[in-house]
Amino acid sequence: MISCAGIDAEGNTISNITLNEFKKYEWKWYWIDYSSPTVEETNTLDSVFHFHPLAIEDCYTERQRPKHDSYDGYSFFVLHALDKETLGAEEICMFLGPNFVVTYHEALSSAVNHSWKRLRAEGSGLNPDDISYHIIDKMTDEYFPVLNQIEDRLNEIEESNAELTYGKLIEEVFDLRSDLLRLRRTIVPMRDLVYRVLFVERLHLITQQREYYRDIYDHLLKVTEMIESNRAMTSDMRDNFQTMASNRMNAIMMTLTIVSTIFIPLTFIAGLYGMNFVYMPELEYRYGYFIALGVMFLMAVVLLGLFKRNGWFKIFR
Amino acid sequence: MISCAGIDAEGNTISNITLNEFKKYEWKWYWIDYSSPTVEETNTLDSVFHFHPLAIEDCYTERQRPKHDSYDGYSFFVLHALDKETLGAEEICMFLGPNFVVTYHEALSSAVNHSWKRLRAEGSGLNPDDISYHIIDKMTDEYFPVLNQIEDRLNEIEESNAELTYGKLIEEVFDLRSDLLRLRRTIVPMRDLVYRVLFVERLHLITQQREYYRDIYDHLLKVTEMIESNRAMTSDMRDNFQTMASNRMNAIMMTLTIVSTIFIPLTFIAGLYGMNFVYMPELEYRYGYFIALGVMFLMAVVLLGLFKRNGWFKIFR
Amino acid sequence: MISCAGIDAEGNTISNITLNEFKKYEWKWYWIDYSSPTVEETNTLDSVFHFHPLAIEDCYTERQRPKHDSYDGYSFFVLHALDKETLGAEEICMFLGPNFVVTYHEALSSAVNHSWKRLRAEGSGLNPDDISYHIIDKMTDEYFPVLNQIEDRLNEIEESNAELTYGKLIEEVFDLRSDLLRLRRTIVPMRDLVYRVLFVERLHLITQQREYYRDIYDHLLKVTEMIESNRAMTSDMRDNFQTMASNRMNAIMMTLTIVSTIFIPLTFIAGLYGMNFVYMPELEYRYGYFIALGVMFLMAVVLLGLFKRNGWFKIFR
Amino acid sequence: MISCAGIDAEGNTISNITLNEFKKYEWKWYWIDYSSPTVEETNTLDSVFHFHPLAIEDCYTERQRPKHDSYDGYSFFVLHALDKETLGAEEICMFLGPNFVVTYHEALSSAVNHSWKRLRAEGSGLNPDDISYHIIDKMTDEYFPVLNQIEDRLNEIEESNAELTYGKLIEEVFDLRSDLLRLRRTIVPMRDLVYRVLFVERLHLITQQREYYRDIYDHLLKVTEMIESNRAMTSDMRDNFQTMASNRMNAIMMTLTIVSTIFIPLTFIAGLYGMNFVYMPELEYRYGYFIALGVMFLMAVVLLGLFKRNGWFKIFR
Amino acid sequence: MISCAGIDAEGNTISNITLNEFKKYEWKWYWIDYSSPTVEETNTLDSVFHFHPLAIEDCYTERQRPKHDSYDGYSFFVLHALDKETLGAEEICMFLGPNFVVTYHEALSSAVNHSWKRLRAEGSGLNPDDISYHIIDKMTDEYFPVLNQIEDRLNEIEESNAELTYGKLIEEVFDLRSDLLRLRRTIVPMRDLVYRVLFVERLHLITQQREYYRDIYDHLLKVTEMIESNRAMTSDMRDNFQTMASNRMNAIMMTLTIVSTIFIPLTFIAGLYGMNFVYMPELEYRYGYFIALGVMFLMAVVLLGLFKRNGWFKIFR
Ligand SMILES: [Mg+2]
Ligand SMILES: [Mg+2]
Ligand SMILES: [Mg+2]
Ligand SMILES: [Mg+2]
Ligand SMILES: [Mg+2]
Ligand SMILES: [Mg+2]
Ligand SMILES: [Mg+2]
Ligand SMILES: [Mg+2]
Ligand SMILES: [Mg+2]
Ligand SMILES: [Mg+2]
Ligand SMILES: [Mg+2]
Ligand SMILES: [Mg+2]
Ligand SMILES: [Mg+2]
Ligand SMILES: [Mg+2]
Ligand SMILES: [Mg+2]
Ligand SMILES: [Mg+2]
Ligand SMILES: [Mg+2]
Ligand SMILES: [Mg+2]
Ligand SMILES: [Mg+2]
Ligand SMILES: [Mg+2]
Ligand SMILES: [Mg+2]
Ligand SMILES: [Mg+2]
Ligand SMILES: [Mg+2]
Ligand SMILES: [Mg+2]
Ligand SMILES: [Mg+2]
Ligand SMILES: [Mg+2]
Ligand SMILES: [Mg+2]
Ligand SMILES: [Mg+2]
Ligand SMILES: [Mg+2]
Ligand SMILES: [Mg+2]
Ligand SMILES: [Mg+2]
């Protein structure tokens, strides 16, 4: 669908008209929004607005990185909003000229909607640069709640890791770690884009709104630092769990080995005197049974002493 | 084989002629393609075109990195296309002058073929710079399907990792990880080449087609980011599997230890009263058997209680 | 609460007055401190001082990175003091003009208190730049004792790692490692802020106090190097513990395997001759029992010899 | 030994003469080679040629990094050839002036020998800059066969890793990994030297042979990229083996646990009815034996069912 | 203790006099050395020499990073010598003016002693810049023997790792790794200091002794490269040991599992016919015993065959 809005020559705010109606107005400036457009609608990027073919190609193909290109008379941006379901990127393309904004996106975009509402509310108080600023600012603000949620959950898990049921928890940590990787894929290129536009290319529009774009850049920096530090936190938790599992395994195997090493030889001795040979002199002894019991007891004590001397019992503490 | 094509002085498109026929024409510009040439054919790089010996050496030797060298009157490129079988690099060397392109490659190249067809179709609408652009653009586009396939497979594997048969899956993850390493070896130097040519050396031909080469560079950046993020994903999956294996091992050993620690002492006691000593007073007791059973039952209950208190059963949840 | 202090036109030190009293004076320079202000108090940032809305937004929202922004007539800083309990950041915002300082913080700040006392003590000997220097200097000095404590504890643990009770110790190492991560999150952005202000933006106020700010920067550099090197130390300790656990597990399993591999077959043989078949010729032999004992002894000796030849006993050394 | 060669004033090639004979000639340019010189011979660097004491110190001491220093009237290089036995560095020092080369090395150097032969063959067609180029070029070419051999062996090992005897293979991988580390120590500083000389210091001699030195630099870049990518390959193989070992351990322990968990309780029951108590009512039952067998069979079936439900058998697939 | 020395106006070398005697001379230049000074002695830095309070603070406080500050009329250095016992840093502070050097250190310093002796020996041939060069040069030379010793020991351990007693060896590797970390903490900031002074700040005194300071910088670069490459070597050894331990564990558990899996079922069967039920038909069979033996033998053969088919015996090779 294509929606058109803008401020006409008399300063009136016009909104939600079609592309055909749009052509009848004289505009101070206008904003055209392509939302999941059909192929025919996409073609109007070329037939009506005559944008550069490379830019149009970037609109309808996927998996473009966030970027800024300068063309004659307008700037072209590819931006990445966050798809809150998959934590992947939702592309929003934007053509920005002195008296127009054209946005193009496949999925619904809350950042675009939010700015559209602002245009209807504030009308001629805005200009195309404000529109583009509001879209990018809103897009950036939407990264925070997702990341805060991950951070809070990681802190919760870390607090509770003294418990024994960490099998489930560590799986959740890995899921969160994988989410952070997805977020990084979306957000880092956005940060780099704002950095380039702000400090390297020193885009004109932005020098007029410099401190506003620095505010966005600061937030993007903050978000990427949170991602990195949460990734580091999941690494540490993984190592922590691995060490706890290893300690626990040592304790388990020590238990098994102590019990087995003591009782297996004793059981052998018992088995020995359970044999049915006709001639086994010890069996006839008056105190044979008690001697056997005594020898077994002695063996157990000696073995326990050996284990103790080697410090095997300390691990259970 | 050497194939020649080009636009002659009258603007006619000539194509698929031999080197001898080629010499008879007067050319507006021409393209010579060496495809798995013989030694004699390779020698014509020197005898006919008088290229620099270092450039010619780079043509017939292997394992050159992608690069660009400027010589008097022409530029020399070593490019790496992707061998889809081995995921290794297929070298394509290219000499690019104001009125000629010379390409040299051992294996068949779909990027060269594609541009050759374009030359025959579009004829005098093209120039040598267009040819070189189309070859590099096609080469770059061919990286994507390979990488998308790896990414899709990794996502599939991650979705299914709750199942128990992860032995096979993790081996596949390692194979994909090794493929990514091979891809990186080929693609990163290509990206660096385009970067140098575009931003550092500011090659003349490219300043004329600047936005087209930036488009290529953007795609190469995207591909290398995909490689890195997929490598990170395989690391995480490996760690995930390692932790799951460790948890599973704990559960297995706990099972063994619980069963053994309970039954080994009981079996010893049974063995004790299976001994054939002539004088064993307990055997004569009226309730000896039942007392023995009772003691055994008590031992089992106490041990189970100890395990429970130490939280050993929680791990199975 | 809002506290006001400063030097009036006659050079008298005025302190701890309210905002209403403040308005009645003529000031050489003044310092307003907002400490956990109410919403109404926060509003005076706009209504009384007319600071930029982006700066005011940064005051009352959380999770801003340390930063410096230049506005018309004043500089704006977001600083991070250390919350000694959580090792997280406590934001202190500061507006710094030629004749005023305005500080804003939610939690009590010992760095602000310390400078406030200095102002009351030294009076007109100070100026706004001194105030800001003293706050930042104190804030930085407070990082050291926390880090020294962690470093000392790690050294203690490393010294004692020959003991067997390392289960508890390694958990403490992971806690310290997690603390270091938290510290890094707070301190690294502070270091980067001072770096930018000192070397990149070459802020005017600071060129006047250059060597003093370099001293702060040196300390921040020292602290971050200590954090990194202590993180590296915890990694090494974790790997060390992991290797020790692995060696210990080998020793445990070897013990179990030697004992089991020797006695399980012997017990089987004993069990064999404990069977109650009516016709078992060996049982009738005169020396059957002694032959059986001999065979068992021989088996044990042979197995021990095999283990020795494979070097299994060396691991216990 | 000191060998002298060069082109005399008449353009004749003189070679393999002693230092004393050398002094009698008038030279267009000359090359002096110190090969494992005695202390007296080394002293002639100072007494005859008056080189700078820091440069001379670098000649006779070991463990200098590859480097280039500019002195009055000559350049001084420390170069690292590869010792094919230890994969360590063999130092070759070189003084290069407008009309002389002086080389100094403890071990025999095939790169020096090769250039010496060229001088005898090509005579006055060469100059000191050519000599230095040929030595460095040959030295660089010698890195490739060593690295190719390692790469080929790693590929062989990776192909064969489906087999079970990976104990030996992984040890070889570690040896190769250690070799790569040694190679990196030698080659990376050489690459950095050529980079500095070529791009940073823009040495005069080299601007004349610019494309030749770029060719060397390209090869060094290629070699270091091969080292890094082979190191990454060995890491991946190590992780792969670790995961396979872990899977195998799971399968082994599962086998042991299944067998033990089923038979240990059964053996206990058998032991129970092997006791010799005088009064054991079950023993007298007509079908006691068959009931016991039945109970045992049932227990085995139930346990197998439990294992199956927990998916324990899937791991063997 | 404060020691004074220098060259007086007539060019005589005066040495080892007290601060009071020092004040009576007229100096061409002088060197004052504070060695573990008392508080009163430290105060003379301010009262006699009027150095900057920040520099004096750096003298008597600990844990300053190596650094260089320029003050009016003199440079201030904090240098780190190596404490050979702890491998930590020993601070040496140095004030360097056109006609004086003042050094300040808590511990004895062999680098200072060495230069002091040189001053007494060479007298007026030296100047303050030479003194500072000799101190820093000696300090740097002292890093090498410590590092060489670590490197040699690591090489020894790597050679001997085929032996089985690697428990002790790996602990030593971890100790050496921890030493390398300590060394890095001391040496890297020294390298960075010399780099900054040499290339960034282009300090005047040093431009006069440029090649001498480059020689120091080269050595520091060499030392830090050795540290990094030895750290990498210890990582590889740790991984190698880990893999060997894992292989060994597999072999141990396989032994246990093979023996147990074969004999536990056999022992059960033996136990079965050891039961004392009154009615057990098999016991009466003429060939019951031999049939039982046969069945047991068959079971053992079948299980061995299964293990062999699964390749379990290959791991022992
Ligand atoms: Mg798109
Ligand atoms: Mg915002
Ligand atoms: Mg906002
Ligand atoms: Mg998720
Ligand atoms: Mg999952
Ligand atoms: Mg903000
Ligand atoms: Mg080449
Ligand atoms: Mg080639
Ligand atoms: Mg393309
Ligand atoms: Mg395309
Ligand atoms: Mg493959
Ligand atoms: Mg494979
Ligand atoms: Mg594109
Ligand atoms: Mg705030
Ligand atoms: Mg301070
Ligand atoms: Mg201070
Ligand atoms: Mg904890
Ligand atoms: Mg804590
Ligand atoms: Mg200081
Ligand atoms: Mg040498
Ligand atoms: Mg070469
Ligand atoms: Mg060559
Ligand atoms: Mg070895
Ligand atoms: Mg080797
Ligand atoms: Mg790692
Ligand atoms: Mg000090
Ligand atoms: Mg030195
Ligand atoms: Mg020296
Ligand atoms: Mg230790
Ligand atoms: Mg030590
Ligand atoms: Mg030197």
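Predicted model: local features only at pLDDT ≥ 70, side-chain atom pairs only at ≥ 80, totals over all residues.

Trainee: Why are helix α6 and helix α9 of chain C called roughly parallel to each other?

Mentor: The axes of α6 (residues 143–159) and α9 (residues 210–272) of chain C cross at roughly 25 degrees, coming within 11 Å. Angles under 35 degrees count as roughly parallel, and α6(C) and α9(C) are therefore given that description. The crossing of α6(C) past α9(C) is left-handed.

Trainee: Which residues meet where α6(C) and α9(C) are in contact?

Mentor: Among them are C:Y143, C:F144 and C:L147 in α6(C), and C:M226, C:M233 and C:F241 in α9(C). By class, this contact of α6(C) with α9(C) has 12 nonpolar, 5 polar and 3 charged residues.

Trainee: What makes β2 and β4 of chain D edge strands?

Mentor: The open sheet of 7 strands in chain D runs in the order β2-β1-β3-β7-β6-β5-β4, with mixed pairing. β2 (13–17) and β4 (67–71) of chain D each have a single partner strand, so one side of each is left without a neighbour in the sheet.

Trainee: How do you know that β5 and β6 of chain D pair?

Mentor: Two strands pair if there are at least two bridges between them, and 8 bridges join β5 (residues 74–82) to β6 (residues 89–97) of chain D, which run antiparallel. As one example, D:V78 has D:C93 in β6(D) as its bridge partner.

How values were computed
Residues numbered from 1 in each chain as written. Chains lettered and ligands numbered in written order. Heavy atoms only, no water. Axes fitted to C-alpha atoms, helices over the stretch in contact; angles between N-to-C directions. Helix = DSSP H or I, 4+ residues; strand = E, 2+ residues; numbered from the N terminus. Parallel < 35°, antiparallel > 145°, perpendicular 65-115°, else oblique. Left-handed = near helix turned anticlockwise from the far one by under 90°. Contact = heavy atoms within 4.5 Å. Nonpolar A, V, L, I, M, F, W, Y, C, P; charged D, E, K, R; others polar.
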